[in-house]
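Visitor: Please take one part of this model and go through it closely. I would like the contacts spelled out residue by residue.

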Amino acid sequence: MSLRARLYSSQEVEKKPEAQRKPRPDPHREIKVQIQEELVRSLDPELFEAADAKGELSRQVESITTQMVLRDLGQLTRTDQRQIIGEVMDDVLGLGPITGLLNDDEVSEVMVNGPSQVYVERGGKLSLTDVQFRDNEHVLGVIERIVAPLGRRIDESQPMVDARLPDGSRVNAIIPPLALNGPVLTVRKFSRDPFTAEDLVSFGTLTREMADFLEVCVRLRLNVVVSGGTGSGKTTTLNVLSSFIPHDERIVTIEDAAELQLQQDHVVSLESRPPNIEGKGAILIRDLVRNSLRMRPDRIVVGEVRGGEALDMLQAMNTGHDGSLTTAHANTPRDLLSRLETMVLMAGMELPVKAIREQIASAIDLIVQQARLRDGSRRITHITEVQGMEGEIITLQDIFVFEQTGVDERGKILGRLVPTGIRPKFAELFARSGVQLPPSMFAR
């Protein structure tokens, strides 16, 4: 990608109806354009390509920008000068106006709805920010800067793309003509330091006893599916569960966009690939799951199953690759079973429903159900055992459930995950493995 393409977006977009707010006029736009022109003339394009030259690149950009601002806008206050320098630095080296939001640890998601409307999520709640882009082309330039290093593209022939930032944050972009208010960019941030079980306990997502229980389940190689709705925290919980895998095991992770942040030494990360401009060369999650079986994995961790790869995942769980982990979209543990049936049928195999259910019942040991509650908090609501088949029905048994006890004066939902009083069948496996769980863990 050329230096000029990094600094500007030349892609033209058909003008669509304005969003709810018009972009604010930028009184310093002309000087910013002049600065960018000077950067194109002065900077060595190789500085943008060399991984070890980021510090020198940043120093040169700041030096040139500062000189031009002081020369042409010396009458402005120091605060205004610093703001202009910062905005140019963000445009050239960062991701434009949203750079500050992405650096804010309290922000968990950034949603750009066209150039004039940027929302963020803080503490599970959405709020409108004062951040704005200049125009549609400005947003497109940021999107292009995200997807280009990953070998992906976005244009009128392929107006949607999934990508990720270098820190693993998930990115989705959709542009006109599909998006009527201008380019839409959604960034789901990942924390710089991966969350631990202690973090989830402190957040109230689960209790200390439940964390200990799940750690034993993972270490003793139960197959676990984390289920939940969009934004419920499935990937975060999967990360925490993956952290319980012993360090002497070989782990293969498979994702659409690499997000998992495993800390073990022996991790092989695989990422699917979209089709090229001719519509060829796509590598699907299903292809990677099948290939992973030939890589001598001790554990297979699939970021999310959403199609025919569910069949391959179930077969892997049933053929010696126990201890596998994955996530799926579903509102309840029972809904998850229906979703898995549908996904297996998407593999194109004309299997009887009973055969599919038998595969599911024998493959999955535990379902961890996650939800985002009305107050924006993310909680594990069920830890459910898959017990087997009775006739043609898969039997489930809740081991722990979330019980709401009330709502405080700030609207925060009060409650905790409590045992149902029933010991899981696989408690016998714990005993045979020398793990003694206190009887009080399951006492109602």
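Guide: The model is predicted. Two packed helices are described by the angle between their axes and the distance between the axes. Here the pair is α12, residues 309-318, and α14, residues 353-363; their axes come within 9 Å and cross at roughly 50°. The crossing of α12 past α14 is left-handed. On the α12 side, the residues in contact are Leu314, Gln315, Met317 and Asn318, and on the α14 side they are Gln359, Ile360, Ser362 and Ala363. Sorted by class, this contact between α12 and α14 comprises four nonpolar and four polar residues, with no charged ones.

The strand residue is Glu121, which lies in β2, residues 118-122. Its relative accessibility is 3%, and because buried means under 20%, Glu121 counts as buried. Two polar contacts of the Glu121 side chain can be named. One, at 2.5 Å, is with the side chain of Ser108. The other, at 2.8 Å, is with the side chain of Arg372. Leaving aside residues up to four places away in sequence, Glu121 touches Glu106, Val107, Ser108, Glu109, Met111, Leu126, Arg372 and Arg378.

Conventions
Residues are numbered from 1 along each chain as its sequence is written. This is a predicted model: local features need pLDDT of at least 70, side-chain atom pairs count only at pLDDT 80 or more; totals for chains, interfaces and linings use all residues. Side-chain values use heavy atoms; hydrogens and water are left out. Axes are lines fitted to C-alpha atoms, for helices over the stretch in contact, and angles run from 0 to 180 degrees between N-to-C directions. Helices (H or I, at least four residues) and strands (E, at least two) are DSSP runs, numbered from the N terminus. A crossing is left-handed if the near helix is turned anticlockwise from the far one by less than a right angle, and right-handed if clockwise. Contact means heavy atoms within 4.5 Å. Ala, Val, Leu, Ile, Met, Phe, Trp, Tyr, Cys and Pro count as nonpolar, Asp, Glu, Lys and Arg as charged, and the others, Gly among them, as polar. Buried means under 20% relative accessible area, exposed over 50%, partly exposed in between (1.4 Å probe, protein chains only). A polar contact is a pair of N or O atoms within 3.5 Å; within protein, one must be able to donate a hydrogen and the other to accept it, and residues adjacent in sequence count only if both atoms are side-chain atoms.
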